Amino acid sequence: MNEVLKQLDDILVQRKHADPEQSYVASLHQQGINKILEKVGEECVETILAAKDYAAGDGREKLIYETADLWFHCLVMLSHLNLDSAEILAELERRFELSGLEEKASRANRIVEN
């Protein structure tokens with residue numbers, strides 16, 4: 001699975017500097033972070049609605065599709081900010097050693113320290 005994310009990271013870096021007339025990703029980068037964040041928010045809402053439908057017994061494929069869109073646009077956001085999926089995966093891996101409650105408490109402490 002990490003290989004798929006790595007491939008996506010590489011493609012997003014390449015398309016970051018592509019012709020916006022030829023690449024959706026390049027057009028998002030050209031429009032800037034606010035447009036990218038708008039897309040992340042839009043995809044988040046669509047994912048939430050699809051999850052509600054699926055929880056009610058309908059729309060498995062739609063939930064998968066919308067979640068893929070959300071993840072994709074999050075990767076575009078990371079690329080725009082010169083980050084990649086490896087950094088997010090490293091953070092998730094770090095959390096394996098913590099319970100959810102411990103992680104949440106450590107997050108609160110980090111916010112206070114900053």
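Modeller: One term before we go in: a helix here is a DSSP run of H or I at least four residues long, and helices are numbered from the N terminus. Keep in mind that this is a predicted model.

With that, let's start at Asn-82, which sits in the loop between α4 and α5. Its phi is near 60°, a positive value in a residue other than glycine. For comparison, most residues other than glycine have a negative phi. Is Asn-82 buried or exposed? Exposed counts as over 50% relative accessible area, and Asn-82 has 63% relative accessibility, so it counts as exposed.

Now step to Ser-85, in helix α5, which covers residues 85-94. The cut-off for buried is under 20%, and because its relative accessible area is 6%, Ser-85 is buried. Leaving out residues up to four places away in sequence, Ser-85 touches Leu-5, Lys-6, Asp-9 and Leu-75.

Leu-5 and Leu-75 lead us into the largest nonpolar core, which has eleven residues in all. The largest share, five residues, is supplied by α4. In soluble globular proteins, nonpolar side chains tend to be buried together.

What does α4 do with α3? The two pack at an angle of about 160°, with their axes 8 Å apart. Angles over 145 degrees count as roughly antiparallel, so α3 is roughly antiparallel to α4. Their crossing is left-handed. On the α3 side, the residues that meet α4 include Ile-36, Val-40, Cys-44 and Tyr-54. On the α4 side, those that meet α3 include Leu-70, Val-76, Met-77 and His-80. The residues of this contact divide into 13 nonpolar, four polar and seven charged.

Gly-100 lies in helix α6, residues 100-113, and at 58% relative accessibility Gly-100 counts as exposed. Gly-100 and Leu-83 are 17 residues apart in sequence, and their C-alpha atoms are 25 Å apart in space.

Key
Residues numbered from 1 in each chain as written. Predicted model: local features only at pLDDT ≥ 70, side-chain atom pairs only at ≥ 80, totals over all residues. Heavy atoms only, no water. Buried < 20%, exposed > 50% of the residue type's maximum accessible area, 1.4 Å probe, protein only. Contact = heavy atoms within 4.5 Å. Core = buried A, V, L, I, M, F, W, Y, C linked by side-chain atoms within 4.5 Å. Axes fitted to C-alpha atoms, helices over the stretch in contact; angles between N-to-C directions. Parallel < 35°, antiparallel > 145°, perpendicular 65-115°, else oblique. Left-handed = near helix turned anticlockwise from the far one by under 90°. Nonpolar A, V, L, I, M, F, W, Y, C, P; charged D, E, K, R; others polar.
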